[in-house]
Each structure stands twice: as C-alpha cells, then as structure tokens.
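Subject: Structure for you to look at

Hello,

Here is the structure I said I would pass on. Please open it and keep it beside this email while you read the notes below.

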Amino acid sequence: MKKTRIFLVTFLVLLAVAGGVAYWLYHQVNAFSGQKISVTEETIFTIPPGTGRVALEKKLAESGIIPESHNYDWLLQLEPDLAKIKAGTYRLTPDMTVKSMLQLFVSGKEAQFSIRFVEGSKLADWQKILSEAPYLKQTLADLPADKLTEMLGLPAGSHLEGRFYPDTYLYTAGTEDTQILKRAHQQMETKLAAAWKTRNTDLPYADPYEMLIMASLIEKETGVDGERKKVASVFMNRLKLKMRLQTDPTVIYGMGERYQGTIYRSDLVRVTPYNTYQIDGMPPTPIAMPGSASLDAAAKPDTTGYLYFVADGKGGHVFTTNLRDHNRAVADYRNGLKKQ
C-alpha cells in the first residue's frame with residue numbers, strides 16, 4: 001500500500017512537472033510564432049526548389065529574418081501544416097509574424113512584380129524594359145525574330161511593331177519575357193478585334209491590320225484624348241482625297257537611329273517606306289503600340305472637314321480645313337517658339 005502511494009505521488013509529481021514543461025513550452029513557441037520578423041521594409045525572399053524545413057530555417061536565420069531558435073522546430077512539431085512550404089519568391093513585410101510568414105510560404109502565393117509599357121512606345125523600347133525587369137527570365141536576347149513570330153502564331157515574316165497592347169502586366173519570379181509578350185499580343189488582338197467590329201462602315205481599311213497602322217499614327221500625333229478622333233478625321237479626309245498623310249512621326253520611324261531629335265528638310269525628301277511625305281497612303285506597318293483610345297479613334301473618327309493640323313504650343317493642336325489657314329497656324333506656332 002505504501003509503495004502504491006509513493007508511486008502515485010511520484011507519478012503526480014512527474015505529471016505536474018511535464019504539464020509545467022508543456023505549458024512553458026507552449027507559451028515559448030506561441031511567443032515565437034507571434035514574434036515579428038526582422039525586416040524594416042518590403043523584402044523579397046526566395047525559397048529554392050527542394051528546400052526543406054531545416055534548410056529554410058538556416059536561410060531565414062542567415063538573412064536575419066528570424067533568430068536561430070529551437071522554438072522553430074517545436075513550432076513545426078506542434079503545427080505540422082506550417083512545414084508544407086512551397087518553393088517560390090515571396091514578398092515579406094514588417095507587419096508579418098513568424099507564423100504568418102510560414103503560412104505565406106505554405107500558401108504558395110508568390111510575390112507579383114509589375115511591368116509597364118506606355119502608349120506610343122516601340123518594340124525596341126519594350127525589349128529594353130523587359131531586359132531590365134527584375135526576376136524576369138531573359139530569353140529574347142538569344143531568340144531569333146522569326147522564332148518569336150512563330151511563338152505568337154503570326155505568319156512568317158510578320159512585322160512585330162504595333163502587335164502588343166501597352167498596359168501594366170503582372171508576373172511572378174522566373175516568368176519568361178516571351179510570356180509577357182504573348183499576353184500583350186493576345187490583349188492587342190482582343191482590343192483590335194473589338195474596335196474592328198464596331199468601326200464605321202465607310203473607312204478605307206482593307207483589314208484590321210490597316211486600322212492598327214492608322215491607330216499607331218494617331219497615337220504618335222497626339223496624347224490629348226479629345227483630339228484623337230479629330231486627328232483621325234484629318235487622315236481619313238486626306239486618304240479619301242488621295243492626299244499624302246505628311247505626318248512627321250512616320251518620317252522619324254523611317255529614319256531609325258539616324259533620328260537625333262530634329263527632322264531636317266533633307267529627311268522630308270528622303271524616300272523611305274515610312275516617309276508619308278514621299279509615299280502615298282499609309283506606311284506598310286504600325287510605327288508604335290497604340291492604346292485603346294487611338295484604336296477607338298481609328299475605328300470611329302469624327303466627321304470633319306479638317307485637312308491639316310499643327311501644334312498650338314500648349315500641348316494641343318490647331319485644326320484647319322485649308323492651306324491658307326494652316327500656314328497661318330504654322331506661323332503662329334513658330335512665332336510662339338521665338339518668344340519662349
């Protein structure tokens with residue numbers, strides 16, 4: 001009986017000690033899991049494929065994000081679901097706790113990066129932006145142009161200028177640059193098809209691609225939304241009257257790297273496939289990436305009698321119906337420049 005009492009007392013003491021230890025351990029682990037991670041600003045953290053719980057702790061500790069602690073192991077023992085981390089690149093923020101960080105790693109919700117292409121930019125501009133984008137896998141530098149054309153599903157020899165829709169695109173680390181272009185191309189195809197479907201029926205376009213060319217001219221001529229359809233009306237009127245478009249952006253595009261900020265008279269008389277002072281009709285391809293407003297203007301121009309326009313020196317343009325008034329507007333613009 002005495003032995004039984006001693007055993008029982010011993011058992012109860014050990015049970016109390018174990019309970020105390022468990023209670024202490026629980027609170028230690030709980031405090032650790034609720035501890036803020038050591039980052040003072042948004043931080044990008046990458047978990048390579050094949051990283052296990054031990055390697056992750058080491059990487060986090062070496063990065064100074066969490067301290068080395070046995071509590072890390074105990075936390076994953078108590079909450080094994082937190083050990084089911086997924087490889088990827090994540091965005092850590094100062095308000096995160098150790099637990100919320102591990103929950104992020106388990107969710108697989110990787111950090112998204114954005115890349116912005118503005119209206120009126122050229123393919124060369126896009127290639128430079130893509131080459132400098134962080135965490136984007138670079139493949140374009142070694143990709144022949146005909147291979148990219150094939151990847152986009154375009155006929156061999158297709159010109160790629162104007163084929164991509166200017167917008168902001170999101171991506172995760174490791175995305176290939178060609179994937180961005182594919183998305184932008186599909187977006188342009190969708191926007192162009194929608195504009196073509198709602199176009200005025202009396203426009204001199206043989207197909208949607210010609211409308212895309214016109215949209216690119218409009219995009220390069222004005223950044224004022226209220227003017228786009230007026231600019232489009234000028235081009236429509238000139239085409240119907242068999243007048244040359246005589247738009248400077250086409251000259252600049254045809255000059256390529258020779259353009260250094262100024263168009264000389266010799267450039268206006270030099271024949272290139274894009275010099276609309278020397279060729280009839282539109283250039284053979286777009287000269288930039290047009291946005292929605294320019295696509296809409298190309299599809300539904302205003303009905304006007306305008307045949308000319310020139311900058312007004314205030315960010316907009318003066319539209320005129322005859323050469324005399326146009327020459328007066330040009331003179332006013334030049335006089336305004338002299339006074340500056």
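Domain bounds here come from an automatic or database domain assignment. On that basis the protein is divided into domain 1 (27-107), domain 2 (114-190) and domain 3 (199-338). The C-alpha centres of domain 1 and domain 2 lie 35 Å apart.

Before the details, some notes on the source. This is a predicted model, in which local features need pLDDT of at least 70, side-chain atom pairs count only at pLDDT 80 or more, and totals for chains, interfaces and linings use all residues. Residues are numbered from 1 along each chain as its sequence is written, and side-chain values use heavy atoms, with hydrogens and water left out.

Next, a pair of helices. Helices (H or I, at least four residues) and strands (E, at least two) are DSSP runs, numbered from the N terminus. Helix H7 (residues 177-197) packs against helix H12 (residues 292-299) at an angle of about 30°, and their axes are 9 Å apart. Axes are lines fitted to C-alpha atoms, for helices over the stretch in contact, and angles run from 0 to 180 degrees between N-to-C directions. Angles under 35 degrees count as roughly parallel, over 145 as roughly antiparallel, 65 to 115 as roughly perpendicular and the rest as oblique. H7 and H12 are therefore roughly parallel to each other.

Which residues of H7 meet H12? They are Met188, Lys191, Leu192 and Ala195, and in H12 they meet Ser292, Leu295 and Ala299. Contact means heavy atoms within 4.5 Å.

Now a loop residue. Ser69 lies between helix H2 (53-62) and helix H3 (70-78). Not counting residues up to four places away in sequence, Ser69 touches Phe32 and Glu57. The C-alpha atoms of Ser69 and Phe105 are separated by 19 Å, and these residues are 36 apart along the chain.

Last, some backbone angles. Most residues other than glycine have a negative phi. Lys242 is not a glycine, yet its phi is positive, at about 60°. Gln246, also not a glycine, has a positive phi of about 50°. Lys242 sits in the loop between helix H9 (228-240) and helix H10 (248-255), and Gln246 is in the loop between H9 and H10.

Are these residues buried or exposed? Lys242 is exposed, with a relative accessible area of 75%, while Gln246 is partly exposed, at 37%. Buried means under 20% relative accessible area, exposed over 50%, and partly exposed in between (1.4 Å probe, protein chains only).

Regards
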